[in-house]
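Please work through each task before reading its solution.

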Amino acid sequence: GMDLYFSYHDGRAVTCDDFVDAMAEANGRDLDRFMRWYSQAGTPHVRAEGAWDAADGSYTLTLAQHTPPTPGQADKEPLVIPVAVGLIGADGRDLPLRLEGETRPAATTTRVLVLEQAEQSFRFTGLDAEPVPSLLRGFSAPVLLDVAEDDVRLAFRMAHDADPFNRWDAAQRYAERVILGLAGEIARNGAGGVAQVPEGFITAFRALLADAGLDPAFRAQAAALPSESYLLERMEPADPAALRAALIVLLRTLGERLADDWLALCTSMTLPGAYRYHPLDAGRRAIVNLALRYLAAAGHAEGLALAQARFDAAANMTDRFGALAALVQSASPAREAALAAFHARYRDDALVLDKWFALQAGAWRWDAEAPPVLAQVRALMENPAFSPANPNKVYALLGTFFRGNPGEFHAGNGEGHAFWADQVIALDGRNPQVAARMARALENWKRYSPALQASIRAQLERVQAAPSLSADVAEIVGKAL
């Protein structure tokens, strides 16, 4: 296609249509239907259903597409959607794929199926047992995939899917399901209730960690839990306290049950010699820092000792800050000394101190008897390195607490919300743009539980009633209300 394009147009003024025409001619396809991607708004939804026929060893995959209506486009035409598909056998290996009607031997384990109609079916033959489908491999099209998968199937793909994107996606979806399930159980029974992590998830998680064929950087990504902000968006209503409790249960459980696996990774992935920047080295540092985080969350004595030793001996910021983060996100008595040592070392480096402020503002309470993080944030505002006149310091400390630590910001009796109102009003008199960024932390307040909504609304109204409120903040608060 590129060769044809240049042969026609080299040295000439061209249009996007000229490029598309060259691609269509070279590939023998009419791309008019494909160009609907550019003329139709909205994200397509693709629904997938599979049917296994043991009698003739066939598996039929039915794909259906639908794009929801958008303003000015009530009815959408079908798009051309490439769906890369693999079928995984019971042994965890990809199966060779042959579609019905093909006579040539099956030579590939991933096929790109072209979904052009509202609904199409594709029948694979020559199979010995029911496969597990791996759909949209490599994120082959920007669509929302709707496929019914139970925990067993998600665990299987999390442990065996050969496609990196799909394996990561299975891990994230299964983790999301487990976390929200734990949060629901905690919300019903209280934080003192017993919430158990499913054995299937622990087993699949261990298989992911133990797969030495995977790149360390990929394992670090796949073994990291979905973000708290994303999970809150998936809750109805959003319950930050229950979600935080669920995340603590899961982190502690994985840290305890997989302690030997995490320690083995710390040993095998620790890099000898002087620091160098190399992608493989970066991946190894990432997986070690993640291992320390899980071990520290579990209060594992050897893991905490490793984090302390790594912090003391680190020759680069990644190792030192990763070890510090593990200590801070734990109940370790060594956390305060490590924070003080880090501050003493980098007291003259403003950008590094921003990370130091943010790490503490985003800390969790791992001990129920520990003081609220809000108390620490108030104390840090008195630190000589903090200045409310410096936007970067405000974003690092207050911004992290308001936007990046929902479990603590929304905790208790609304003290965090009152603190937010105090700071927005104070900042507005100094820098309305910075105050407006802080104000946006509560613009989606209506998705929280009724009790939180009442507390937040009162503080939004207090900010709105503040004298001489800037137009920047007034617009955000007004829209929120």
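**Exercise 1.** State how the residues of the lining of the second largest pocket divide into nonpolar, polar and charged.

*Solution.* The lining holds 12 nonpolar, four polar and eight charged residues. Here Ala, Val, Leu, Ile, Met, Phe, Trp, Tyr, Cys and Pro count as nonpolar, Asp, Glu, Lys and Arg as charged, and the others, Gly among them, as polar. The model is predicted: local features need pLDDT of at least 70, side-chain atom pairs count only at pLDDT 80 or more, and totals for chains, interfaces and linings use all residues. Residues are numbered from 1 along each chain as its sequence is written, and side-chain values use heavy atoms, with hydrogens and water left out.

**Exercise 2.** Locate the second largest pocket and name the element that gives the most to its lining.

*Solution.* First, a pocket is an open set of points on a 1 Å grid over the protein atoms alone where a 1.4 Å probe fits, with protein on both sides within 12 Å along at least five of seven lines; lining residues have an atom within 4 Å of a point. Next, of the 24 lining residues, L145, D169, R173, E176 and Y230 are the closest to the centre. Finally, α5 gives the most, with eight residues; helices (H or I, at least four residues) are DSSP runs, numbered from the N terminus.

**Exercise 3.** Which element supplies the largest share of the lining of the largest pocket?

*Solution.* Among the 40 lining residues, S227, E228, S229, W364 and G404 are the closest to the centre. The largest share, five residues, comes from α11. The lining comprises 22 nonpolar, 10 polar and eight charged residues.

Notes. Helix = DSSP H or I, 4+ residues; strand = E, 2+ residues; numbered from the N terminus.
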